[in-house]
Amino acid sequence: MFKSFARSQGLRAGVLSACILALVLVLWHLATAPVAAPQYADPEYARLMGGKGQTSSGLPSLPQMGTAIWKHLSNPFYDNGPNDKGIGIQVGYSIGRVLLGFLLAAAVAIPLGFVIGMSPLLFRALNPFIQVLKPISPLAWMPLALYTIKDSTISSIFVIFICSIWPMLINTAHGVASVRRDWLNVARTLEVGRVRTALRVVLPAAAPTILTGMRISMGIAWLVIVAAEMLVGGTGIGYFVWNEWNNLSLTNVIFAILMIGVVGMLLDLVFGLLTRLVSYQE
Amino acid sequence: MSAFLQVDNLRKVFPSQRGGAPLTVFDEVNFTIEQGEFACIIGHSGCGKSTILNVLAGLDEASSGYVIMDGREVRGPSLDRGVVFQGHALMPWLSAERNVAFAVQSRWPQYDARKVKAVCDQYLGMVGLSGSEHKRPSELSGGMKQRVGIARAFAIEPKMLLLDEPFGALDALTRGVIQEELLKICAQTRQTVFMITHDVDEAILLADKILLMTNGPDARIAEVVVNTMPRSRNRQTLHKDPQFYRIRNHLVDFLVNRSKTFRDEPPAGFDPRNLPYLTPGLDPAQAPGAGALAGAAA
Ligand SMILES: Nc1ncnc2c1ncn2[C@@H]1O[C@H](COP(=O)(O)OP(=O)(O)OP(=O)(O)O)[C@@H](O)[C@H]1O
Ligand SMILES: [Mg+2]
């Protein structure tokens, strides 16, 4: 009975979502519809407010938006030089940087978090550093990175690295430190070695917490990459947004915003699935 | 010849916390358990039973004194001692079978998958869980979880089994069923067992001898009550034996009246290194509380 209720609620939520989307589209349409016959008393004023064929607000109309989306998505991988690349290529660059920085961070943060979590001494010794480094906006590292690394792509990867390391480090350490004593005692009474205990007991016990940390890190990394690419330029979805803003193409900017949202959602979805895979119910 | 398990002058002191005095949980704890014997320890909450069990398991260290099992001093945990934990301590991400398999693989790393599975099947079958092997702990009832814990402890074929209130969280019905299973398995395998319980009836059903512990802090083991009822006892016939009430009255009297005052006013000639072995089941005169309780009830 509960199941059918849940299903009907899911259905109702879906219908409601569709309604909200329709409402937004209608409002957008109303706000951007070409004003067919502006009833201004003063023709001079009417001319000032915009002539025929233009939208009243400067935003693209729905059909314009639709054509732009279709144009971008139907040919996502073309490459006509530095300032004109398909959206697929730009997003690909961004995802590539995010994944690289993120994986490097995971390679450092998860083993280090493991060690910190196992050793209360190290936890206490490193905690002040973590607490100071964690709240620094990752973009604040950018000048330092550009100065020392002297390569804009590597610098943006470094920024991703530095912003995604903290949630993973803290969650791993926390997850490892709070593994139930009972489980560790089971391993001890079975004379299980340290490495096997770490892999067979601590890792699965802490996995949900670790993956939650990875999910948070990925979310932050995707937020940061857009800003980083706006700063360093060249390629990527962030650069695309900045470039289209300079071209005064709001249509493309809005399209890019939608893309950023959708890709971010998909990345989060992947980590949500992974978390589900390793989570357990006590 | 010395006993299978020998506990010699055990003492545990926890260091002071927040400036308080150090806490002596128990002192001068001496007892022995013979091979194949089932010993229960009874005492009020907080007197240090779990601490003793943890020392026997090697999970905790005594402040002084030592434990010798099978001719060797206990220093750290060992596969020779299987532990059933108070809160079952199953790993929730593993199925019942994988939980047991984890223990089996630790005991016999050379076993291949087929052999491991055979051992798991055998012990899960022994506790009546055939058919539930692939369920996760969250899909098992409390009693089933506890049984997986018991199967896991038995599966490594330890020389001795340590059980910390294994049935504390179970309802009376399930408890009875598992008690009987445990009794049967222990009789079959001639397992040596040390078990903590709060339940007087459970102790009389299961134990060959019952260690009585005084209240903490600074607790002692006061005496050993020998269960003189035949080993073929079971839940149905237990209450029909007149010995049952004599033993029960003795235990209850100790818990209710004597456990508080025992340490400060020990009976004349009390020697913690040479505990009195009492047989109240055979001899009502040895149960000082029996008359008093019976009188109070009348
Ligand atoms: N790690 C510790 N640090 C300080 N004191 C402790 C510690 N562990 C246990 N104690 C104290 O030791 C005493 C005995 O604890 P223990 O868990 O052995 O009692 P118990 O007899 O098993 O009680 P219960 O029947 O409630 O399980 C308690 O007073 C407890 O507060
Ligand atoms: Mg206890």
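Trainee: Where in chain B is B:Asp218 found?

Mentor: Elements come first: helices (H or I, at least four residues) and strands (E, at least two) are DSSP runs numbered from the N terminus. B:Asp218 sits in the loop between strand S9 (209–213) and strand S10 (221–226) of chain B. This is a predicted model, in which local features need pLDDT of at least 70 and side-chain atom pairs count only at pLDDT 80 or more, while totals for chains, interfaces and linings use all residues. Residues are numbered from 1 along each chain as its sequence is written, chains are lettered from A and ligands numbered from 1 in the order in which they are written, and side-chain values use heavy atoms, with hydrogens and water left out.

Trainee: What is phi of B:Asp218 near?

Mentor: Most residues other than glycine have a negative phi. For B:Asp218, phi is near 60°, a positive value in a residue that is not glycine. A:Lys150 also has a positive phi, near 60°, and is likewise not a glycine. A:Lys150 lies in the loop between helix H6 (142–149) and helix H7 (152–177) of chain A.

Trainee: Is A:Lys150 buried or exposed?

Mentor: The scale is relative accessible area: buried is under 20%, exposed is over 50%, and partly exposed is in between (1.4 Å probe, protein chains only). A:Lys150 counts as exposed because its relative accessible area is 65%. B:Asp218 has 25%, so B:Asp218 is partly exposed.

Trainee: Where is B:Glu37, and is it buried or exposed?

Mentor: B:Glu37 belongs to the loop between strand S2 (23–33) and strand S3 (38–42) of chain B. Its relative accessible area is 16%, so B:Glu37 is buried.

Trainee: Which polar contact does the side chain of B:Glu37 make with another side chain?

Mentor: A polar contact is a pair of N or O atoms within 3.5 Å; within protein, one must be able to donate a hydrogen and the other to accept it, and residues adjacent in sequence count only if both atoms are side-chain atoms. The side chain of B:Glu37 has such a contact with the side chain of B:Lys209, at 3.3 Å. A polar atom of the B:Glu37 side chain also lies 2.8 Å from the backbone nitrogen of B:Glu34. For plain contact, the test is heavy atoms within 4.5 Å. Apart from neighbours within four places in sequence, B:Glu37 contacts B:Thr32, B:Gln191, B:Thr192, B:Val193, B:Asp208 and B:Lys209.

Trainee: What does A:Val192 touch?

Mentor: Leaving out residues up to four places away in sequence, A:Val192 touches A:Ala187, A:Thr197, B:Phe102 and B:Ser106. A:Val192 is in the loop between H8 and H9 of chain A. A:Val192 is classed as buried because its relative accessibility is 12%.

Trainee: How many cavities of 30 Å³ or more does a search of the whole structure find?

Mentor: On a 1 Å grid over the protein atoms alone, a cavity is a set of points where a 1.4 Å probe fits but cannot get out; a pocket is an open set with protein on both sides within 12 Å along at least five of seven lines, and lining residues have an atom within 4 Å of a point. Points are joined across faces, edges and corners, and a volume is the space filled by probe spheres set on them. The search finds 1 cavity of that size, and the largest cavity has a volume of about 80 Å³.

Trainee: Which elements each supply at least two residues of the lining of the largest cavity?

Mentor: They are helix H8 (181–189) of chain A, with strand S6 (81–84) and helix H4 (142–155) of chain B. Lining residues include A:Val186, A:Leu190, B:Val83, B:Phe85 and B:Arg152. In lining counts, Ala, Val, Leu, Ile, Met, Phe, Trp, Tyr, Cys and Pro are nonpolar, Asp, Glu, Lys and Arg are charged, and the others, Gly among them, are polar. The cavity lining has 7 nonpolar, 3 polar and 2 charged residues.

Trainee: What volume has the largest pocket, and which residues are closest to its centre?

Mentor: The largest pocket has about 380 Å³. Among the 15 residues lining that pocket, A:Met118, A:Arg181, A:Leu184, A:Thr197 and A:Val202 are closest to its centre. Helix H4 (87–118), H7, H8 and helix H9 (194–232) of chain A each give at least two lining residues. The lining of the largest pocket divides into 9 nonpolar, 3 polar and 3 charged residues.
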